[in-house]
Structure formats: structure tokens, C-alpha cells
Amino acid sequence: MVRWFIRNIMKKIFYILVAALITVNLYLIAFYAPLELTQGAAQKIFYWHVPSAMVMMIFFIVGGIASVGYLITKKDKFDALAISFIEVGFLFCTIVLLTGPLWAKPVWGVWWTWEPRLTSTLFVWLVFFGYFILRSSLDDKGQAKTYSSVLAIFGCLDIPIIMLAVKLWRGVHPQVLNSRENLPDKMWFVFIFSMIVVFILAGILVYERARKVKHG
Amino acid sequence: MFIALLKKEWLLTLRQKQVFYSLFLFSTLVIMLIYFGLEVLDVLPKGVVPPVIWLTLVFGGTLQLNRTYDFERDEDVLEGMRLIPGIATKFYLSKLLTNLVMLFLILLFSTFIATLLFDYPLMANLSNIVIPLILGLIGLAATGTTFSTMVKAHHKRDILLPTLFYPLIAPLSVAVIKSFSSAEPLVWIKILLAFDVIYVTASVLVFDKMLEG
């Protein structure tokens with residue numbers, strides 16, 4: 001009982017610290033990171049856009065691996081892991097899809113363009129949207145878990161094909177944050193800080209989601 | 001056992017001749033509707049015909065793929081199938097082969113109708129369109145057969161199947177359509193081959209788990 005209480009308090013303190021980190025991160029993005037000369041304030045979207053894209057990709061792949069684990073062992077803990085990682089990955093995929101056009105409008109003059117990474121992300125988003133539709137459509141929970149695991153595996157197998165096909169189709173994406181040399185020190189610092197914050201936030205969301213699945 | 005399963009599939013399929021007529025009529029209607037939609041263009045570029053054939057195959061094929069488990073839906077046939085040891089792969093391959101043949105028939109018919117309605121020089125372009133269409137057809141049938149297993153017992157399967165597997169075949173569609181017009185079709189054909197190999201293999205590997213439910 002005492003151990004549970006202490007653990008609960010520690011968790012709450014940690015979450016408050018993370019909330020503070022997010023606030024500091026937003027402050028740094030708004031006031032500390034310098035304005036990019038050609039893109040202006042729109043470039044600041046990338047401090048969350050790029051880490052969100054990384055979270056999305058890693059979490060979908062982890063979700064796919066957990067789905068393989070579920071299909072082989074049929075143990076619920078793998079399914080809980082899969083749904084948690086895929087749900088949070090989907091959330092960050094949505095953030096990527098929303099922030100991409102927000103950047104594109106002032107910089108390219110259009111909300112949507114069939115630009116390679118945006119298009120790939122849309123395809124991946126649609127594949128995993130199907131994952132939730134399938135899961136909620138089937139009444140038999142065992143079937144829902146098995147079939148959604150298969151869909152997650154197929155979705156993960158599709159990611160490299162989507163990336164390759166769209167890249168060949170639409171040409172190469174302009175590299176904005178591809179290396180340390182392209183960024184001034186202040187921008188690089190805020191970018192790394194944002195990355196840490198986004199990954200911690202995503203980790204917390206997965207942990208809470210998995211806990212909720214485990215406790216029904 | 002595989003031959004017996006295949007025989008069963010075709011015996012039952014051939015009994016439903018109205019399905020063939022419906023699929024062919026549907027394909028004709030899709031081509032006509034696309035033609036009307038394209039009429040806003042003063043001159044109809046001949047390059048649109050192969051993508052029209054592909055889209056007709058996707059839409060017509062979806063109707064066929066949704067029928068994959070029509071014969072097993074009633075009277076717990078699948079429950080009985082599950083009891084036979086080592087049947088999963090053979091059962092999947094019999095379903096896949098049936099869908100491949102049915103989709104191929106839709107493809108042949110759609111090509112004929114599109115050639116007729118669009119006055120398309122088919123023979124001159126045959127070598128450019130055959131391989132992408134066949135490889136696309138295999139990918140479509142492989143993913144469609146697997147996904148129809150997921151929705152086989154669902155009363156909303158007509159909506160569910162395309163919702164689930166169209167996003168997955170999006171890169172397949174891009175590759176098929178690009179290989180018609182690309183200066184380097186081989187790159188796209190390699191993508192199509194990779195897609196087919198990956199999805200047929202993955203489907204065979206997961207099917208026994210899917211059959212268990």
C-alpha cells in the first residue's frame with residue numbers, strides 16, 4: 001500500500017515535470033530559437049513536426065513487431081503493446097499531417113501538395129486508420145486482436161514500399177533539418193530539446209495506454 | 001487436397017453465372033462513367049486508357065474479392081475446415097487462385113471494352129501494359145484475399161474491405177500507373193514484384209493464424 005502510494009506520488013511529480021518541460025520547450029521554440037530568414041515563423045513548426053514523424057515511424061514499427069509477437073504467442077500483453085504503440089504512433093502521424101500543411105501554406109502557398117513525405121504519411125495514416133476501424137468493427141475480441149495484428153504487420157511491410165514508390169513518384173523532399181551543419185547552434189539546441197520532450201511525452205502516452213488496456 | 005479445394009471453388013463459382021454477368025456489366029459501367037468524366041478534355045489523351053483499365057480492375061475486383069467467402073459463410077463450413085490439419089496454406093492458395101482467375105477475366109473484359117470505347121491502339125501498346133497489369137493484379141488479389149478473410153463474417157464487409165485494403169494497395173496503384181508512362185518502367189516493375197513477393201509470402205505465413213481466429 002505504502003509502496004503503491006509512493007509510486008503514485010513519484011509518477012505525478014514526474015508528469016508535472018514533463019508538463020513543465022513542454023512549457024519550457026514551447027517557450028524556447030517561440031522566443032529563443034532564431035527566425036529562419038526565408039521561411040519566417042512557419043519554420044518553427046518543424047521543432048515538433050520532425051520529432052513527431054520520428055515517433056510515428058518508430059512506434060508503428062514497434063507496434064508491428066508486437067503484433068508479430070501476438071500472432072506467435074497469442075499473449076494479450078503483446079496485443080496491449082501493439083495497440084498502445086500504434087495508437088500513439090497514429091496520434092503523432094496526425095500531428096505530422098496537420099503541421100505539414102500549416103508549414104506548407106505560408107512557404108509554398110498551398111495547404112496541400114503531393115509532396116513525397118506528406119503523401120507517404122497520408123498513405124500510412126490511412127492504413128493505420130483501417131486498423132482502428134477493423135478493431136472496433138469485430139465483436140469477437142479474439143478475432144479483432146488477430147486480424148488487427150495481421151493488418152499492423154501488413155501496414156509495417158507497406159511503409160518502405162510506400163516511401164520508395166512516393167519518393168520515385170514525386171521526386172526528392174527538400175531536406176530542412178538533415179544535418180548538424182545546416183543549423184545554427186540555437187536552432188540545433190531547441191531541435192534536440194524538442195526531440196527529447198516529444199519522445200518523453202510519447203513514452204508516457206504509451207505507458208498510460210498500455211496500463212489502461214491491461215486493466216481493461 | 002489442394003486440387004479438391006480448387007475443384008470445389010470452381011464448381012460452386014461456375015454455378016453462379018449471374019456473378020460473371022454482374023462483374024462484366026459493372027466493369028463496363030465504370031469505364032463508361034470514367035469516359036463521361038473525361039469528356040471535359042477536348043482531346044482525350046490515349047495515355048489515360050491503361051490507368052482506366054487498372055481502376056476498373058480495382059473496383060470490379062473489389063466486388064469479386066468481397067465474395068471470396070460466399071460459399072463458406074453459411075452452415076459453419078469454416079469451422080469444419082479448421083478441424084482439418086495442414087489445410088490453411090492450401091485453402092488460402094485455392095482462394096487466391098480462384099480470385100486471380102476471376103480478376104484476370106475482369107481485366108480481359110475491361111481491356112476489351114476500354115479499347116472499344118476509347119478507340120485505343122491496344123496491339124501497339126500491349127507490351128507496355130501487360131506486365132504492370134498482371135503484376136498489379138497479383139498484388140491486388142493477394143492482399144484482397146487476405147483482407148476478405150478479416151471481414152468475411154461482417155455484415156458491413158462491403159464497406160470494410162475497400163476501407164482496409166485500398167490504403168495498402170496505394171503504392172501498388174502508383175507503381176502500376178507510373179510503369180505505363182515512365183521512361184524507366186523497370187524500376188516500377190521491380191517495386192511491383194517486391195510488393196507481390198512480400199504480400200503473397202506474408203499472407204501464406206499468417207493465414208493459419210487467421211483461420212484459427
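# Reading a two-chain model

Trainee: Let's start at one end of chain A. Is Val2(A) buried or exposed?

Mentor: Val2(A) counts as exposed, because its relative accessibility is 60%. The scale goes like this: buried is under 20% relative accessible area, exposed is over 50%, and partly exposed is in between, with a 1.4 Å probe and protein chains only. The areas come from the Shrake-Rupley method with a 1.4 Å probe, and for residues only the protein chains shown count as cover.

Trainee: Before we go on, what should I know about the model itself?

Mentor: It's a predicted model, in which local features need pLDDT of at least 70 and side-chain atom pairs count only at pLDDT 80 or more, while totals for chains, interfaces and linings use all residues. Residues are numbered from 1 along each chain as its sequence is written, chains are lettered from A and ligands numbered from 1 in the order in which they are written, and side-chain values use heavy atoms, leaving out hydrogens and water.

Trainee: Back to Val2(A), then. Which helix is its place in?

Mentor: Helix 1 of chain A, residues 2-32. Helices here are DSSP runs (H or I, at least four residues; strands are E, at least two), numbered from the N terminus. Val2(A) also belongs to a nonpolar surface patch, along with Met1(A), Trp4(A), Phe5(A), Ile6(A), Ile9(A), Met10(A), Ile13(A) and Leu17(A). Together they have about 1000 Å² of accessible area. A patch takes residues with over 30% relative accessible area and no salt bridge, joining nonpolar side chains (Val, Leu, Ile, Met, Phe, Trp, Tyr) within 5 Å and like charges within 9 Å.

Trainee: Now a contrast. Is Asn25(A) buried or exposed?

Mentor: Asn25(A) is buried, as its relative accessible area is 0%. Its place is in helix 1 of chain A too. To see what surrounds Asn25(A), look at contacts, meaning heavy atoms within 4.5 Å. Leaving aside neighbours within four places in sequence, Asn25(A) is in contact with Trp48(A), Val190(A), Phe193(A), Ser194(A) and Val197(A).

Trainee: And what does Ser67(A) touch, its neighbours within four places in sequence left aside?

Mentor: Ala82(A), Ile86(A), Ser149(A), Ala152(A) and Ile153(A). Ser67(A) lies in helix 2 of chain A, and it is buried, with a relative accessible area of 0%. A polar atom of its side chain lies 2.8 Å from the backbone oxygen of Gly63(A).

Trainee: Which residues form a network of salt bridges?

Mentor: Lys11(A), Glu208(A) and Arg211(A). Glu208(A) and Arg211(A) meet at 3.5 Å, N to O. They are separated by about one helical turn, because they are three residues apart in helix 6 (residues 185-214) of chain A.

Trainee: Last one: how much area is buried between chain A and chain B?

Mentor: The size of an interface is often given as the accessible area lost when the parts come together. Here the area is about 2500 Å², 80% of it from carbon and sulfur atoms; buried area is what two parts lose on being put together (1.4 Å probe), summed over both. In chain A, Tyr147(A), Phe154(A) and Ile161(A) lose the most to chain B, together 27% of what that side buries. Across the interface, the rule finds zero salt bridges, while five residue pairs are in polar contact, both at pLDDT 80 or more. Helix 5 of chain A gives the largest share of the side that touches chain B, 16 residues.

Definitions and conventions:
Salt bridge = Lys/Arg side-chain N within 4 Å of Asp/Glu carboxyl O. Polar contact = N/O pair within 3.5 Å; in protein donor to acceptor, adjacent residues only side chain to side chain.
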